Amino acid sequence: MAHEHVCPWWMIHTFDNPVRRLFHDPEKMLGPYLRRGGRAADIGCGIGFFTLGLARLAGETGQVYAMDLQEKMLAGVEHRAQRAGLSGRIQTKKVAAGDLGAADIAGSLDLVLAFWMLHEVPDQAGFLRQVKELLKLGGLFYLAEPKMHVGAKAFDESLSLAVGLGLRLMERPQVRLSRGAVLAA
Ligand SMILES: C[S@@+](CC[C@H](N)C(=O)[O-])C[C@H]1O[C@@H](n2cnc3c(N)ncnc32)[C@H](O)[C@@H]1O
């Protein structure tokens, strides 16, 4: 395991399973924020519950980067992408804790998603700075944290950090079991 607070690969199916679709519908939730042909990253993608939805929204001419610390998660994304016929528009990328190593795509993304992962990141300011660098001007950052692990005060502190780094708070979407926000670069 890459870090002691990181969700282990064997735990992912406890929440990434068919029942989850009853309360999280990736295309419905993210549709307002990504157009066809758009470019997105799903950071802390796990085995790709949201990555596939983003790839469907981005369409054939779009591109989605699935980033995670753990090889086993990325292998899960690749397996699912292949089965769904979406491999051509999903690129997996193993990242290091504290370094997304994504200078090649800096300033090019329309949307960055960080779903139920920020609380696992020890240096949130460093992470949020890198998220901002990935976004185009006007690009969006969709953040969702699990209510079970992140209280309202802690979530607001993360938002303050993001705003302090120059992201603008645009919206507080209702996300089941979660605290959500959409910010713009
Ligand atoms: C609780 S899972 C959520 C997975 C997925 N976003 C979902 O909602 O199904 C958190 C994921 O974030 C990843 N992660 C944690 N810290 C990370 C970091 N600094 N950079 C990239 N991925 C990270 C973990 O490896 C794990 O796959």
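Which elements make a right-handed β-α-β unit? In this predicted model, the unit is made by strand β4, helix α4 and strand β5. Helix α4 covers residues 124-134, while β4 spans residues 109-115 and β5 residues 135-146.

The two strands of this unit also pair with each other: β4 and β5 run in the parallel sense and are joined over six bridges. A handy place to look for this pairing is Ala114, whose bridge partner in β5 is Leu143. Strand β5 has a further partner in β7 (residues 178-184), this time in the antiparallel sense and over seven bridges.

A last stop is Arg20, found in the segment before α1 (26-30). Arg20 counts as partly exposed because it has 15 C-beta neighbours inside 10 Å, and a residue would need 20 or more to be buried. Once neighbours within four places in sequence are left aside, Arg20 is in contact with Phe15 and Phe49. Phe49 is 29 residues away from Arg20 in sequence, yet the C-alpha atoms of the pair are 9.2 Å apart in space.

Methods:
Residues numbered from 1 in each chain as written. Predicted model: local features only at pLDDT ≥ 70, side-chain atom pairs only at ≥ 80, totals over all residues. Pairing = 2+ DSSP bridges. Helix = DSSP H or I, 4+ residues; strand = E, 2+ residues; numbered from the N terminus. Right-handed = clockwise from strand over helix to strand, strands pointing away. Buried ≥ 20, exposed ≤ 12 C-beta atoms within 10 Å, placed from the backbone. Contact = placed C-beta atoms within 7 Å.
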